[in-house]
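Q: Hi! I'm new to this one, could you walk me through it?

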Amino acid sequence: MERDDFEEILHQVTSAAENGSYQLALTYLSQAGQYSNHPVLQSYRAYCAAVLTSDKRKLLEAVKLCQDSMQRDGSNSIHYLLQGRILMFLGDRKNAIKTFQTGLKISPNPGIIAEVKRIGMRKNPVFDGLERSHPLNYCAGKLFSRLGLR
């Protein structure tokens, strides 16, 4: 029975947050009771609070909450999705992309895939030591892509 309660709370929180009703999601989270310390709910709390604020200090606290959740439950890619979104709010696109990539390595989360498509993430250059715009990187990248090696 308790598992059903948790699943119901989690469903309410995720559907409210994904539909843009962040205040409603926070209300559901405040009613979570014994489950309020669960890593997934903690990540959603951090994400919803981050969306509703413009204070950089609170955004950094939200990132730390997500990192704490990742340490407790590192096999769930939802933490990486939410932390990446918070990092995007902070304007830290580079770390957001790294977070999304790490989350994709854990499991192919459709939310992460959608975020990556939305921000237009590029593949790494073929030769890391050279600039992305270097002709050798450009030509090798085109060639490897056509050969299916990238």
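Q: What kind of model is it, and how are residues numbered?
A: This is a predicted model, where local features need pLDDT of at least 70, side-chain atom pairs count only at pLDDT 80 or more, and totals for chains, interfaces and linings use all residues. Residues are numbered from 1 along each chain as its sequence is written, and side-chain values use heavy atoms, with hydrogens and water left out.

Q: How much of the protein is buried?
A: Of its 150 residues, 35% count as buried. Buried means under 20% relative accessible area, exposed means over 50%, and partly exposed is in between, using a 1.4 Å probe and protein chains only.

Q: Is H5 enclosed or open, and why?
A: H5 is largely enclosed by the rest of the structure, because 10 of its 13 residues are buried. Among them are Ile78, His79, Tyr80, Leu81 and Arg85.

Q: What follows H5?
A: Gly91 does, and its phi is positive, near 90°.

Q: How about H3, what does it reach end to end?
A: H3 runs over residues 39-51, and its 13 residues reach 18 Å from first C-alpha to last, close to the 18 Å expected at 1.5 Å a residue. With 10 of those 13 residues buried, H3 is also largely enclosed by the rest of the structure. The buried residues include Pro39, Val40, Tyr44, Tyr47 and Cys48.

Q: You mentioned a cysteine. How many disulfides are there?
A: The count comes to zero disulfides, where a disulfide is a pair of cysteine sulfur atoms within 2.5 Å. Cys48 is in no disulfide, and the nearest cysteine sulfur, that of Cys66, is 10 Å away. Likewise, Cys66 is in no disulfide, its nearest cysteine sulfur being that of Cys48.

Q: Are Cys48 and Cys66 buried or exposed?
A: Cys48 is buried, with a relative accessible area of 0%. Cys66 counts as buried too, at 0% relative accessibility.

Q: OK, a loop now. Where does His38 sit?
A: His38 lies in the loop between helix H2 (22-30) and H3. At 28% relative accessibility, His38 counts as partly exposed.

Q: What is His38 in contact with?
A: Leaving aside neighbours within four places in sequence, His38 is in contact with Phe6 and Arg72. Contact means heavy atoms within 4.5 Å. Asp73 is 35 residues from His38 along the chain, and their C-alpha atoms are separated by 9.2 Å.

Q: And which residues of H2 can you tell me about?
A: Thr27 and Ser30, for instance. Thr27 counts as partly exposed at 34% relative accessibility, whereas Ser30 counts as exposed at 59%. C-alpha to C-alpha, Ser30 is 9.1 Å from Arg45, with the two 15 residues apart in sequence. Thr27 and Ser107, 80 residues apart in sequence, are 29 Å apart in space, again C-alpha to C-alpha.

Technical notes
Helices (H or I, at least four residues) and strands (E, at least two) are DSSP runs, numbered from the N terminus. The expected span of a helix is 1.5 Å times one less than its number of residues.
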